[in-house]
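Here are my notes on this one, point by point. Have the model open while you read.

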Amino acid sequence: MNSDDAIAAGNDAVEIANGVHWIGALDPGLRHFDLILRTSNGTSYNAYVVRGRDGVAVIDTVKAEHAESFFSRLESVARYDEIRVIVLNHLEPDHTGALPELLRRAPQARLLISKRAPAMLKALLKPTTDQLDYETADNGDEIDLGDRPLRFLHTPFLHWPDTQCTYLADEQVLFSGDLFGCHYCDARLFNDRVGDFRFAFEYYYAHIMRPFKAHLRDALRLIAPLPLALLAPAHGPVLRERPRRYISRYRELALCDEGFEQAVTEGNDHRSLILFFLSAYGSTARMADAVRAGAERVPGVRVSLHDLEGGETQPFVDLIEQADGIVLGSPTINGDAVKPIWDLLSSLTVVDLRGKLGAAFGSYGWSGEAVPMIEDRLRGLKLRVPVPGLRVKLVPTEDELTESQAFGQRLAQALMQGDAGAGAGAGSDTGTSTTRGTDASTATDPPSTGGGAKRVLDFSEL
Ligand SMILES: Cc1cc2nc3c(=O)[nH]c(=O)nc-3n(C[C@H](O)[C@H](O)[C@H](O)COP(=O)(O)O)c2cc1C
């Protein structure tokens, strides 16, 4: 079908560039994605076919439930025995659901994944596949369809560790995986024809790309020099009108706080410490005032105090991303910290908090679980917790308020002494629960297998 025709009816492929077809699937009824995202007008799973002199490449597949549309569209532009290579830019099941069946129908096809993808491929496909041949691509590697090479860009963590982009130089098309994608279902397919999807684009960035800003900046550096006529992401509209606009927007979003952070840390003008608290009977509130007063004694520290009662926590996420330290005050209620504290902490998973200072304090009646629970969570979020939390039984005395001030002062001193930059805190953490998972930004790449290296996944190892 010609790109100027609507695609809602039927299961035809849509030509998006010379010899390049969209063969994805539309999912207008989807209302939630990956548990965390609202998809108020559904989504699309974009997959593509590139035809060359010696055969075709299939780039990505679709979610298993939508395999039928994918295969119909694929069959409208290619025979299975023409498929030379299946490229997976990202292994998440919404892009690999149809893979086992595609491999069954096109057994001669080479499977090409990024150099970080093999372990993940194995773990994803082990229930259905005993053994699987694959090849890995490193940054800059190419495969050739006879007359048109496909080049691979290593772009890990956008949005899983396995992710890569694929570039078709002759048509200047970047198959970008989740990068530049969004959950916006519109059968008109192209960005100059669909409805206004700016909200969906920003929302997708905020939840999927934002946690990996450092990786995003690396990816944008790889993409910047490429001549570009079209961005073909794995979800949402195909971006053919002014594609660079979307790259510029990502650059703005990925760099927006970098300058701010540099100004704070390089200029050593000040360090920012943000206090949040809740208090039912005023005891934790009195402690919070004292902690603030103590912290303000330390030159170079700018302190702000926020009561979380009754409001949303979401607006504080940007503030915390740019801060050097956060301190949370909560009474213990029914053996726990109070819900707004947990709401705030859970909303922080979209930002990189490594190395920031964290601390907790609060009043309690008899068991006092809130403070250690908050500290554990702060460590889990990879903040450093250099000063043990402060608990006061019920109403604070003058001495206890003095101790609260001293606590604030110690925190501010730790902020000035410690490096608030990424990764600074690991060595200075005095806490006991310091078990840390593999870190997205510090995880090292496995040794490269080199371009096109052949590997066989042997699932019997499991
Ligand atoms: C509904 C309720 C449940 C509570 N549960 C606990 C608890 O499980 N453990 C504890 O140590 N204190 C508990 N307390 C006592 C409070 O932590 C204590 O009153 C504290 O001083 C309140 O601090 P605030 O004035 O900052 O709200 C509870 C208080 C209330 C009102």
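1. Where does UniProt place the feature "domain: Flavodoxin-like"? The unreviewed entry puts that feature at residues 273-412; the position is in the numbering used here, the feature name is shortened, and such annotations may be inferred rather than shown by experiment. The end C-alpha atoms of this span lie 8 Å apart, and the span is 40% helix and 21% strand.

2. A word on the basis: this is a predicted model, with local features needing pLDDT of at least 70, side-chain atom pairs counting only at pLDDT 80 or more, and totals for chains, interfaces and linings using all residues. Residues are numbered from 1 along each chain as its sequence is written.

3. The chain has 13 helices and 22 strands (DSSP runs, H or I of at least four residues and E of at least two, numbered from the N terminus). Of its 462 residues, 45% count as buried, that is, with 20 or more other C-beta atoms within 10 Å of their own, C-beta atoms being placed from the backbone. Among contacts (C-beta atoms, placed from the backbone, within 7 Å) with a separation of 6 or more, 74% join residues 24 or more positions apart.

4. Now the ligand. Its shell holds 18 residues, of which Ala280, Tyr281, Thr284, Pro331 and Gly365 come nearest (C-beta atom, placed from the backbone, within 6 Å). Helix H9 (283-296) and strand E20 (357-364) are the elements giving two or more residues to the shell.

5. Look at helix H1 (residues 67-75) too: Ser69, Phe70, Phe71, Arg73 and Leu74 are its buried residues. They pack against strands E3 (25-27), E7 (48-52) and E8 (55-59).

Note on methods. Buried ≥ 20, exposed ≤ 12 C-beta atoms within 10 Å, placed from the backbone. Contact = placed C-beta atoms within 7 Å.
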